[in-house]
Amino acid sequence: MSDLRPRNQPAKIVSFSGIDGAGKSTQIEMLRERLKQAGCRVSLLAFWDDVAMLTSVREFSGQALFQGEKGVGSPSKPVNRRDKNVRSWYMSVVRFVLYFLDALSLRIVVAKQRRTGDDVIIFDRYLHDELANLNLNDRITRLYARLLLTMTPQPDIAYLLDANPAQARERKPEYPVEFLHQNRASYLALSKMSGMTVIPPQPVADAAQQILEEMLRQSPPGDLQRFAVSPQSIAS
């Protein structure tokens, strides 16, 4: 593949967010494969593994302090997690501190990754997924969320995969449906605050097509040529 990306143009950042069970992993893999087939150099980063700070401490607190279960839920093996769904004033303070650290880490990770020569960097979750755990109905919390959004690199395209909470829980049973409804409302509020692109609930193939079309629509013509991406190359 010829190097179509000028050295002075940074990689395009694409993020996927949404409630648990919204189908992020499936859509990420489909977009990643389409872009690679089109000749793009694509990297995939997971926010929890590659950005979040003090993850071992956070996992321990969810299991030891709040009696949550470990692992990833599946229809055949539900898991009762107790972490981001634990709501209290002191947990809000803890989250304020942790999310600030994560925002600083995100700045470093993005700056470092953009020097690797990639055309596209895909994030499996982003800062939005942490901010959606907060009570955005509170004015101070909204100000805090806006501060963190201002101090972190914003994706060129930030997808929010919307989903029916009950159906999402059937696919990935980890949190109560009531919490998923609250979480979804926070995501939708955050999408208006930060300009996320909302992909409504729909069949997997239709969602994948809309994601591709939105990427084309939101990319200047020069960007598409730089990535060697065309409507014909990604719609096949």
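## Arg41 and its partner

Arg41 counts as partly exposed, its relative accessibility being 27%, a value that, like the others in this report, comes from a predicted model. The side chain of Arg41 meets that of Asp119 in a salt bridge, with a distance of 3.1 Å from N to O. Asp119, for its part, is buried, with a relative accessible area of 2%.

The positions of the two residues deserve attention when the chain is traced.

Five strands make up an open sheet in the order β2-β3-β1-β4-β5, and their pairing is parallel. Because β2 (42-46) and β5 (197-199) stand at the edges and each has a single partner strand, one side of each is left without a neighbour in the sheet. On average, and with direction ignored, neighbouring strands of this sheet are turned by 20° against each other.

Strand β1, which covers residues 12-17, runs parallel to strand β4, residues 157-161, and four bridges join the two. Within this pairing, Phe16 has Tyr159 of β4 as its bridge partner. Helix α4, spanning residues 89-113, packs on the sheet and touches β1, β2 and β3 (120-124), and the direction of the helix makes about 150° with that of β3.

## Other salt bridges

Across the whole structure, a search finds 11 salt bridges. One of them joins Asp83 to Arg81, where the closest N and O atoms are 3.2 Å apart; Arg81 is partly exposed, with a relative accessible area of 23%.

Glu214 and Arg217 provide a further case, their side chains meeting in a salt bridge at 2.7 Å from N to O. Both residues sit in helix α9 (residues 204-217), and because they are three residues apart there, about one helical turn separates them. Glu214 counts as buried at 14% relative accessibility, while Arg217 counts as exposed at 61%. Elsewhere, salt bridges that share partners join Asp20, Lys84, Arg125, Asp129 and Lys172 into one network.

Notes: Residues numbered from 1 in each chain as written. Predicted model: local features only at pLDDT ≥ 70, side-chain atom pairs only at ≥ 80, totals over all residues. Heavy atoms only, no water. Pairing = 2+ DSSP bridges. Axes fitted to C-alpha atoms, helices over the stretch in contact; angles between N-to-C directions. Contact = heavy atoms within 4.5 Å. Salt bridge = Lys/Arg side-chain N within 4 Å of Asp/Glu carboxyl O. Buried < 20%, exposed > 50% of the residue type's maximum accessible area, 1.4 Å probe, protein only.
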